[in-house]
Structures are given as C-alpha cells and as structure tokens.
Amino acid sequence: MTPGFVFVGTALYLTLVVAVVYTLNERGFSRGFAFQTGRRWGKFLLLLVVLGIVTQILTLI
C-alpha cells in the first residue's frame with residue numbers, strides 16, 4: 001500500500017469525524033442528522049479538493 005492511499009483514506013476519515021462532531025455540537029441527534037452530516041462532509045471534501053488544486057497549481061509556477 002502506497003502512502004498516497006493512506007493519506008487519502010485518513011483525509012476522508014478525519015473530515016467525516018469533523019462533520020459528525022460539528023453536526024452533533026450544533027443539532028444533536030435530531031431529525032436530518034445524517035443529511036446534515038453528509039452535506040457538511042461534502043463541503044469539507046470539496047474544500048480539500050480546491051486546496052489540493054491550488055497547491056498543485058502553485059507548485060507548477
């Protein structure tokens with residue numbers, strides 16, 4: 001297993017944990033918990049992709 005897969009897996013897991021904790025802190029176990037968590041997780045992953053693209057572009061300059 002290459003380190004890249006470990007880093008990607010860790011990033012996915014940690015963003016999911018942050019999204020769950022953030023949703024629990026804000027709403028608790030109310031209706032729509034899974035939906036709100038999934039929505040936040042998607043936003044965090046999109047932010048990571050954007051940061052990765054910006055970093056890649058800046059390394060090429």
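What follows is a chat about a predicted model of a protein.

Colleague: How does the radius of gyration of the protein sit against that of a compact globule?

Modeller: The protein has a radius of gyration of 14 Å, whereas a compact globule of 61 residues would be near 10 Å. Along the principal axes, the C-alpha atoms fill a box of roughly 45 × 25 × 15 Å.

Colleague: And what span do the end C-alpha atoms of H1 have?

Modeller: They are 36 Å apart, which agrees with the 36 Å that 25 residues should span at 1.5 Å a residue. For H2, with its 28 residues, the reach from first C-alpha to last is 41 Å, close to the 40 Å expected.

Colleague: What comes just after H1?

Modeller: Gly-28 does, and it takes a positive phi of about 75 degrees.

Colleague: Switching topic: how much of the protein counts as buried?

Modeller: Of the 61 residues, 13% count as buried. The accessible surface of the protein is about 5000 Å², and 76% of that belongs to carbon and sulfur atoms.

Colleague: Which residues are buried in H1?

Modeller: Thr-15, Ala-19 and Thr-23 are buried there, and the buried residues of H1 pack against H2.

Colleague: I see a spacing in those numbers. Why would residues three or four places apart point the same way?

Modeller: An α-helix has 3.6 residues a turn, so residues at that spacing end up on one side.

Colleague: Nice. Which ones are buried in H2?

Modeller: In H2, Phe-33, Gln-36, Thr-37 and Arg-40 are buried. These buried residues pack against helix H1.

Colleague: Let me pick Thr-37. What is it in contact with, leaving aside neighbours within four places in sequence?

Modeller: Thr-37 is in contact with Leu-16, Ala-19, Val-20 and Thr-23. Thr-37 has 6% relative accessibility, so with a cut-off of under 20% it counts as buried.

Colleague: You also listed Arg-40 as buried. What does its side chain meet?

Modeller: The side chain of Arg-40 meets that of Glu-26 in a salt bridge, at 2.5 Å from N to O. Arg-40 lies in helix H2 and Glu-26 in helix H1, so the pair ties together parts that are 14 residues apart in sequence. The relative accessible area of Arg-40 is 10%.

Colleague: How many salt bridges does the structure hold?

Modeller: The structure holds one salt bridge.

Colleague: What about the surface: which residues form the nonpolar patch?

Modeller: Leu-46, Val-49, Val-50, Ile-53, Val-54, Ile-57, Leu-58 and Ile-61 form it, and together they have about 790 Å² of accessible area.

Colleague: Take Ile-53 from that list. Where is it found?

Modeller: Ile-53 is found in helix H2. At 48% relative accessibility, Ile-53 counts as partly exposed.

Colleague: Last one, Gly-9. Where is its place?

Modeller: Gly-9 is in helix H1, and it is partly exposed, with a relative accessible area of 36%.

Colleague: And how far apart are Gly-9 and Tyr-22?

Modeller: From C-alpha to C-alpha, Gly-9 and Tyr-22 are 20 Å apart in space, and they are 13 residues apart in sequence.

Colleague: Great, thanks for the tour!

Key: Residues are numbered from 1 along each chain as its sequence is written. This is a predicted model: local features need pLDDT of at least 70, side-chain atom pairs count only at pLDDT 80 or more; totals for chains, interfaces and linings use all residues. Side-chain values use heavy atoms; hydrogens and water are left out. The radius of gyration is taken over C-alpha atoms; the globule rule is 2.2 Å times the number of residues to the power 0.38. Buried means under 20% relative accessible area, exposed over 50%, partly exposed in between (1.4 Å probe, protein chains only). Accessible areas come from the Shrake-Rupley method with a 1.4 Å probe; for residues, only the protein chains shown count as cover. Helices (H or I, at least four residues) and strands (E, at least two) are DSSP runs, numbered from the N terminus. The expected span of a helix is 1.5 Å times one less than its number of residues. Contact means heavy atoms within 4.5 Å. A salt bridge is a side-chain nitrogen of Lys or Arg within 4 Å of a carboxyl oxygen of Asp or Glu. Patches are made of residues with over 30% relative accessible area and no salt bridge: like charges are joined within 9 Å, nonpolar side chains (Val, Leu, Ile, Met, Phe, Trp, Tyr) within 5 Å.
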